[in-house]
Amino acid sequence: MRIIHPRRVGIGLTSLLAAWALSMSVHADARSDSLVVALAMPLTTVDRLYSVQREGLVLAQLTDDGLFHVDPDTLEFVPLAAASYEWVGETRLDVVLRDDVKFHDGSPLTADDVVYTFDWVLDRDSGTSRGPVIRGWLDRVEKIGEHRVSFHLKVPYPMALRDMAVSVPLRKQGTYAHTGIRAVEQQLNGIGPYRVTGFRAGREIELTRFEDYYQASPKANPAIKYMRFRVIPDQGTQQAELLSGGIDLMLDVPPDVADNVRHLPNVERLEGDDIRIGYITLDAAGYSDPNTPFKDVRVRRALNHAINRQAITQYLVRGSAQALDFACHPLQFGCEGTGPVYAYDPGKARALLTEAGYPNGFSFDLWAYRDKVMGEAIVNDLRVVGINANLRYVKLNVFSKVRNDRDMSAFFASYGGGGTADASAITGVHFVANTPRNYSGDEELAATVLAAERTIDPERRLELYRQALDRIADQAYWVPMFSYSQNFLLAPGLDLSVPRDGVPRLWQARWSN
Amino acid sequence: MMTTDTVKNPRFVAESQTDGEQVDTGLGLSPAKAALKRARGHTGLKIGFGIILLMVFLALFAPWLAPHDPYVQNLPMRLLPPAWVDGGEWRYLLGTDHLGRDYLSRIIYGARISLAIGIGAATVGAIIGVTLGLLAGYFGGWLDQAVNFLVTCQLAIPSLLLIMALVFVIGQSITVVIFVIGATHWVFYLVVTRSATLRLREMDFVAAARSMGCSRFQVAVREVLPNLSNQIMVIFTLEVAIAILSEATLSFLGLGIPSPMPSWGLMIAEGKTSMFFQPWLVVLPGLALFMLVIAVNLLGDGVRDVTVTDRRS
Amino acid sequence: MNTQPLLDIRNLSVEIPTESSTLKAVRGVDLELKRGETLGIVGESGSGKSMTALAMMSLLPPAARRSAACINFDGADLMQASEHDFAVQVRGQRIGMIFQEPMTSLNPVYTIGRQLKETMTLHRKVSESEAEVRAIHLLEKVGLPDPASRLKQYPHELSGGQRQRVMIAMALMNEPELLIADEPTTALDVTIQAQILRLLRDLQQELGMSMILITHDLGVVSRAADKIAVMYAGDIVETGTTEEVLLNPRHPYTQGLLECVPGYRNGALKRLGSIPGIVPSMTGTVQGCAFASRCPRAVDTCRTQTPPSQEISPQRMYVCHDPQETRDWQPSPAPGLSQDMLVSPSQGQTPILSVNSVSCTFSVRRGMFGKRIPLRAMNDISLQVNKGEVLALVGESGCGKTTLTRTIMGLQQPDTGSVVLNGQRIETLPAMQRARMIQPIFQDPYSSLNPRKTIGEIIGKPLAVHKLGSRQEQLAKTYSMMELVGLPRRVFNSYPNQLSGGQRQRAAIGRALIMRPEVVICDEPTSALDVSVQAQILNLLLDLRDELDLTYLFVTHNLSVVQHMADRVAVMYLGEIVECGDRDDVMLNPRHPYTRALMDSALSIAPGEIVPDLGLSGDFPNPMNRPAGCAFNPRCPIAEQVCRERAPAPEIIGSSLVRCWKAQPSSDRPIA
Amino acid sequence: MASYILRRGLLALLVALVVSFGTFALFYFATDPAQTIAGEDAPPEMVEEIRQEYGFDRPVSVQYVAWLGGVFQGDFGESYFWKQPVGELIREHAGVTIILALSSLMVTILIALPLGIGAALKPNSWVDRFALSTAVSAQAIPNFWLGLMVIILLAVMFPIFPVSGDATWRHYVLPALVLGASSVPAVMRLTRTGLLEVLGADYIRTARAKGFMGYQLIFRQALRNALLPVVSVLAVQLGHKLGGSVVTESVFSMNGLGRLAVESIFNSDIPTVQSLILIFVLTFVLLTLAADLINAWLDPRIRMG
């Protein structure tokens with residue numbers, strides 16, 4: 001059994017791949033005004049109101065504008081289709097619209113359109129994906145002038161601008177009157193810098209630059225005229241296509257693949273942050289089993305000490321990823337915990353376990369649905385301190401069923417929160433009382449988190465979040481793991497600035513010479 | 001019919017020539033001894049048996065043979081190539097995987113899993129298939145109809161999809177994989193057992209047992225079943241091979257053995273993302289799998305060759 | 001007629017290499033056959049008679065090696081012919097061949113017509129239609145009604161007898177000069193056998209063919225052959241005309257063989273002659289005479305020197321030292337009593353087993369697409385077996401014998417009627433109790449012994465099942481039973497495949513008798529055995545009956561065995577008992593036309609006599625299409641209107657019970 | 001014969017119903033399609049909304065009957081995940097699978113039959129040895145691994161064929177080879193043993209005694225008998241290949257039914273899984289029925305009993 005010489009083969013492969021890429025290169029002149037992007041997940045709709053995938057957000061950056069948007073540099077929420085806004089008290093927001101905004105069909109944007117859009121989202125029967133969230137804080141929207149609307153909130157809600165920026169693209173009045181709530185067949189009529197000119201569900205989306213786009217927008221005058229999104233679920237295929245010029249951009253490339261491919265000519269690699277964190281939730285409340293060891297805070301702290309977050313981050317997540325100490329992303333507003341920090345220390349972990357009455361460790365199921373390699377690394381780390389963790393790696397549909405039934409003793413998961421640079425995006429979903437992700441059973445903590453979400457004053461919010469994060473850290477409800485980084489592979493000559501929040505702004509893309 | 005010269009088979013001639021008053025007992029060997037004698041002259045069987053012996057040895061003594069703990073990760077040392085390649089280290093003879101675990105140790109431990117799954121699942125399948133086959137073949141009637149329906153169900157559903165759905169829903173563990181693979185691989189046993197039972201049922205020794213007062217159940221278990229043992233053994237080995245491949249396939253698709261256990265199929269799946277650049281991650285476990293399965297198949301074919309001639313045509 | 005022999009074989013040998021040694025299947029056979037002559041080759045299984053025929057046709061199994069000084073066929077030496085020459089010029093063209101198994105010898109997926117026609121179109125430049133004309137002509141000749149429509153039928157639509165007729169027609173398509181018939185009637189029922197043999201004889205005479213008839217049945221060869229060659233252990237030991245060989249056998253083997261045939265010398269003798277010992281293994285070098293170890297006349301010379309060929313006349317020779325010392329030895333039956341002197345123990349009229357109006361119907365699906373069709377296996381059968389007697393049950397295959405025996409043993413539930421054993425209804429009898437009263441012995445000793453069990457286990461199994469006595473007692477009983485049935489102690493731990501057929505049947509008998517049942521059902525216990533072994537088993541059964549006071553229900557199709565064994569005879573046809581009475585009444589004075597035909601078809605050894613014409617039309621009907629009225633009416637030579645309309649009821653004539661509208665009170669034709 | 005087909009049809013329907021209810025219940029009790037539809041980061045309010053909208057909160061029997069009612073009217077329901085009629089979805093994916101199944105069956109036949117016949121004609125010759133060792137090795141190579149190896153060899157090191165996808169005929173070459181190879185051992189062995197058995201049959205001896213030899217003997221006398229069992233096995237194999245060649249399709253990233261089925265399982269897209277299983281079962285039963293009919297046509301004994 002003679003093994004072929006892997007490194008030599010690797011090099012051979014590399015050059016072969018390169019030669020192949022060159023020979024099949026179809027990088028034509030036409031590329032200067034077109035860009036082909038690979039999508040791993042099939043998009044089933046181009047309407048952001050109805051899509052749930054992250055890819056939908058990337059696409060909506062191009063086809064749709066909301067009243068606000070996230071500034072790519074500061075990550076602050078700033079007006080876009082809105083000319084200006086003003087808080088009238090804690091629960092009323094008045095917005096003045098631009099008067100030069102046009103829909104893709106040529107009609108101008110008016111206050112009626114804005115009211116229609118928000119009324120549609122507030123309507124329970126419309127079935128929009130973000131409706132439930134918006135209904136949580138927005139009471140009604142009122143037209144107070146041809147280009148003026150007034151938003152009436154149910155509760156003080158600092159993240160109102162974020163939701164308007166990320167979740168509610170503007171629609172022409174009467175858009176859904178004919179086609180009903182299923183937007184699939186519908187010709188998208190947005191106000192973004194690109195319009196949809198072709199859509200085959202799950203296969204391909206074609207966009208063309210919208211020439212009547214309002215010049216005042218930061219997104220105005222994108223360099224590339226045509227954009228095509230091709231659904232290619234397999235990473236290997238995406239690589240091959242990138243090398244052969246079938247696509248120009250790969251998103252979300254696994255770090256190992258990115259490491260390998262960047263050695264090849266014809267490929268460039270970009271690394272950037274992603275406002276997404278990985279964490280382990282421990283069943284501190286004892287939902288899954290009243291006798292679970294995780295009810296004991298010493299056991300939870302032991303786990304925090306046992307897992308080598310640094311190593312996992314450095315070797316497996318890689319890039320700009322950081323190991324985390326608190327239940328939030330460092331880029332987020334409010335992520336300023338001061339509570340205890342648990343260093344990697346297996347000895348201490350063992351001591352804590354012994355103290356808690358588990359000198360020989362114990363067994364439990366660690367559930368996970370993504371990032372299997374990291375899950376494995378965690379399991380291996382726990383094995384060192386005598387804890388036998390069975391990695392229950394399942395698909396999301398099973399995962400969420402078990403999690404929602406509160407049958408998990410611990411789970412390894414990640415959360416992105418739509419790239420929101422605010423601690424509310426993460427703590428809200430995980431620690432308020434009514435969320436199935438909350439396994440802490442800590443009502444006081446839930447109250448703190450809710451209060452922070454309903455507070456407008458930044459100082460007060462900062463303080464509340466500090467309290468909450470410190471409490472989480474002290475009680476070790478979580479093992480915060482790491483923030484993610486993002487890898488992009490690009491065809492050479494493509495200019496793309498790295499997003500800080502992980503959401504690529506493709507309108508910034510251009511071909512350099 | 002013995003009254004005529006049917007001389008298709010030379011053995012037959014030799015046998016019928018022993019008709020007469022006394023028999024020279026040195027003439028014929030007992031079935032087991034005859035099979036053993038034939039086995040000694042069967043190259044394929046010897047090779048297969050040898051490889052399997054080696055694999056079983058590896059599996060049994062893995063803790064002493066493996067240079068490292070297959071579960072201990074060494075992240076800074078991840079994705080090392082085999083030792084004789086640039087960048088390889090002699091500590092890690094066959095390199096390391098994406099978590100820096102020793103690949104050689106994982107492959108050695110992988111033999112345990114493949115063997116356990118193969119033998120376990122084939123046993124589960126045998127128990128189901130032989131029981132049903134014996135019942136259907138011996139008792140017939142509505143029981144046969146019901147079993148036939150089960151077989152149609154089993155055959156009509158793409159078994160891999162069924163297994164995937166089951167494992168997916170029940171969850172992954174060695175036991176689940178063994179039972180699920182076993183529960184979807186019994187048709188072969190059933191078909192063979194059933195037809196052999198149908199044939200044996202008409203044999204006079206069954207009628208003889210019945211007429212000496214044995215119950216139908218006793219006859220099925222004590223008279224018919226022992227005569228199926230050769231065929232069951234052959235199917236068993238073939239099913240072991242199939243089960244090993246099924247496990248590897250399942251693990252490859254991410255629905256087999258749970259990580260971080262060292263299953264060869266899982267190792268191939270984990271290596272797949274970087275197979276163009278770290279091909280040993282895919283090639284090595286694939287070769288191990290190939291060796292084991294070919295050995296089991298050779299053994300199965302060999303067992304069939306040496307036992308099948310036992311039957312009188 | 002040419003005086004030159006058509007076929008002249010000199011020193012033909014066939015060797016088959018086996019795993020350990022080389023088997024000498026044929027050892028230097030010389031044969032000669034004139035045109036228009038029929039040669040019968042007779043021998044027991046393994047004697048090499050079929051191999052000789054296959055070697056002539058170059059159809060040996062691939063491993064076999066053939067050698068011969070010459071095989072002259074009509075002046076050409078076939079040893080020089082290539083495989084291609086054989087296929088193109090000899091097989092099917094000049095030599096036709098018929099095989100034993102008509103059921104499997106025709107290709108099941110092609111029509112009769114295609115298989116007949118291709119025989120001709122393959123060899124000759126003839127058109128399809130010419131071949132068809134010839135095929136229809138021949139089918140008519142072999143006695144198949146409506147030949148034109150037969151061409152479109154498939155083999156499975158025909159009965160065994162019809163298929164054998166088709167095989168004969170096929171062999172004759174190209175008017176061969178020589179027809180080789182290898183056990184052409186062995187797989188057929190006796191009445192069909194008689195018809196086929198007659199047909200072959202008629203055709204041979206009409207077409208002037210030569211024929212080689214290979215058979216183990218001395219009765220068949222005595223009626224059908226002009227010359228006989230007796231084969232033993234791969235060599236011909238005696239040749240001559242049929243009369244000479246059968247009436248004045250010179251070789252001790254031929255003599256012994258004839259002694260084994262029931263009814264050959266004296267039907268009244270209750271013990272048959274037998275040939276002791278075994279056929280030596282024909283591997284390695286053979287020293288001396290192959291028969292020496294079994295020969296009653298053997299002297300030292302026989303064991304060391306190859307016996308010479310003793311030529312009495314140009315057509316008559318035997319291979320034997322014929323030692324001076326033992327020339328006075330006369331073949332005599334083994335010691336025993338003739339029937340006249342034997343008083344059957346307690347042969348009274350106490351019925352031990354009675355079958356009362358039993359009927360049974362199965363439902364059978366024909367083919368994959370077919371509907372279920374009822375099959376009436378037994379129709380109102382009544383029967384009585386008296387304590388101590390031997391009742392022979394006679395009938396052709398498919399007549400319901402097996403269903404009846406299964407019903408009697410309680411293994412088959414009848415639809416109506418009852419079986420009473422020792423005054424108790426068999427279905428109410430618990431299985432264990434029933435098993436101690438009645439036990440079976442089966443036809444095929446290969447199938448009746450579990451190949452996975454040792455002989456000791458098999459014989460002692462009933463004791464174990466019934467938990468009779470301690471382990472030690474069971475062992476002792478098993479050993480004494482083995483002694484009783486003549487099995488050496490050393491086979492106790494052997495497996496069935498290590499035993500000979502005769503020994504296996506002894507083991508089966510031992511198993512049946514170990515619990516001392518009162519009634520034993522013998523289901524064709526000797527029909528799978530060679531003649532010499534059959535004689536041993538029949539002797540054993542009769543001895544055991546006397547010794548253990550048994551009652552036999554003896555199922556058989558062999559009428560000479562019936563003649564030899566039975567006290568009373570019951571004749572079965574299509575699920576009915578058509579005649580039942582004392583042996584001599586039924587056999588010498590048959591009242592039912594079917595019984596008469598059956599008796600006529602029994603071919604006793606009678607050189608010079610030809611196969612009688614039974615006057616039966618058609619074949620044994622398919623039990624699924626029972627004819628209306630009397631079941632036998634379509635084949636009956638004396639059927640009248642009433643027979644076709646109403647089924648006859650059983651009536652008692654003389655001492656017999658007969659089921660026939662036209663039953664004669666007495667017959668003017670006693671059986672030969 | 002009509003009643004036979006009817007019986008088989010009813011059996012198929014029964015099988016399909018039992019299986020589909022089984023899967024339905026399995027998924028109902030063990031998975032949560034709502035979260036998959038909503039996406040991994042979706043907040044609980046959103047998930048709850050979807051649950052109500054799709055009616056996942058109804059009892060299992062109600063949901064099943066509702067779906068089944070649609071099926072009997074030719075409506076397979078709408079895919080949860082694709083938000084598209086399942087019938088349409090299946091039509092889109094079926095082409096790839098059908099082409100792949102048929103072409104791989106051709107591969108199987110073209111390799112297995114000549115090898116099997118050659119091996120049977122000359123037992124123990126080099127042809128026989130070659131055929132047997134091919135069978136033993138092909139049986140031992142995990143199919144997915146073979147797929148990866150041919151990709152490395154024939155698509156990357158020697159870029160003759162595309163790596164993956166299903167756009168042109170060239171994309172089908174490697175998958176068809178790999179998938180076809182998986183059935184070669186079974187078919188080859190069956191052909192060989194079938195033919196050997198037939199060649200030892202009495203009627204072949206009869207045919208030789210009639211003067212048949214060589215190829216005439218094989219093709220005019222033996223082959224039809226020997227192919228009877230092969231037909232059944234080929235039908236089963238084709239059935240399994242049409243039932244979604246899960247592994248091959250995913251190794252070569254082909255958008256066929258197998259992949260659709262796998263993804264639907266992962267997404268708890270119950271209407272799609274259900275409909276696919278229904279279709280797989282019916283296809284399989286129809287194919288085996290067809291094989292029986294072909295066999296009946298080839299073999300008069302079956303036809304007439």
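This is a predicted model: local features need pLDDT of at least 70, side-chain atom pairs count only at pLDDT 80 or more; totals for chains, interfaces and linings use all residues.
Chain A contains 16 helices and 18 strands. Its C-alpha trace spans about 70 × 70 × 35 Å along the principal axes. The radius of gyration of chain A is 24 Å. A compact globule of 513 residues would have a value near 24 Å, so chain A agrees with that expectation.

Confidence in chain A was examined next. The mean pLDDT of the chain is 86. A pLDDT of 70 or more is reached by 92% of its residues. Residues 1–12 of chain A have a pLDDT below 50.

Contacts between chains were then compared. Five pairs of chains touch.

Within chain B, one helix pair was described in detail. Two packed helices are described by the angle between their axes and the distance between the axes. The pair consists of helix α5 (residues 103–139) of chain B and helix α9 (residues 187–201) of chain B. Their axes come within 7 Å and cross at roughly 35°. The crossing of α5(B) past α9(B) is right-handed. On the α5(B) side, the residues in contact are B:Gly125, B:Ala126, B:Gly129, B:Val130, B:Leu132, B:Gly133, B:Leu134, B:Ala136, B:Gly137 and B:Tyr138. They meet residues of α9(B) that include B:Val187, B:Phe188, B:Tyr189, B:Leu190 and B:Thr193. Further along α9(B), B:Arg194, B:Thr197, B:Leu198 and B:Arg201 also take part. By class, this contact comprises eleven nonpolar, six polar and two charged residues. B:Arg194 and B:Arg201 are among the residues that α9(B) contributes.

Chain D was considered at the level of domains. The domain assignment gives domain 1 (31–75) and domain 2 (92–303) of chain D. The centres of domain 1 and domain 2 of chain D, taken over C-alpha atoms, are separated by 39 Å. Five residues of domain 1 of chain D are in contact with five residues of domain 2 of chain D. On the side of domain 1 of chain D that touches domain 2 of chain D, two residues are nonpolar, two are polar and one is charged.

Key: Residues are numbered from 1 along each chain as its sequence is written. Chains are lettered from A and ligands numbered from 1 in the order in which they are written. Axes are lines fitted to C-alpha atoms, for helices over the stretch in contact, and angles run from 0 to 180 degrees between N-to-C directions. Helices (H or I, at least four residues) and strands (E, at least two) are DSSP runs, numbered from the N terminus. A crossing is left-handed if the near helix is turned anticlockwise from the far one by less than a right angle, and right-handed if clockwise. Two residues are in contact if their C-beta atoms, placed from the backbone, lie within 7 Å. Ala, Val, Leu, Ile, Met, Phe, Trp, Tyr, Cys and Pro count as nonpolar, Asp, Glu, Lys and Arg as charged, and the others, Gly among them, as polar. pLDDT is the predictor's confidence in each residue, from 0 to 100. Domain bounds come from an automatic or database domain assignment. The radius of gyration is taken over C-alpha atoms; the globule rule is 2.2 Å times the number of residues to the power 0.38.
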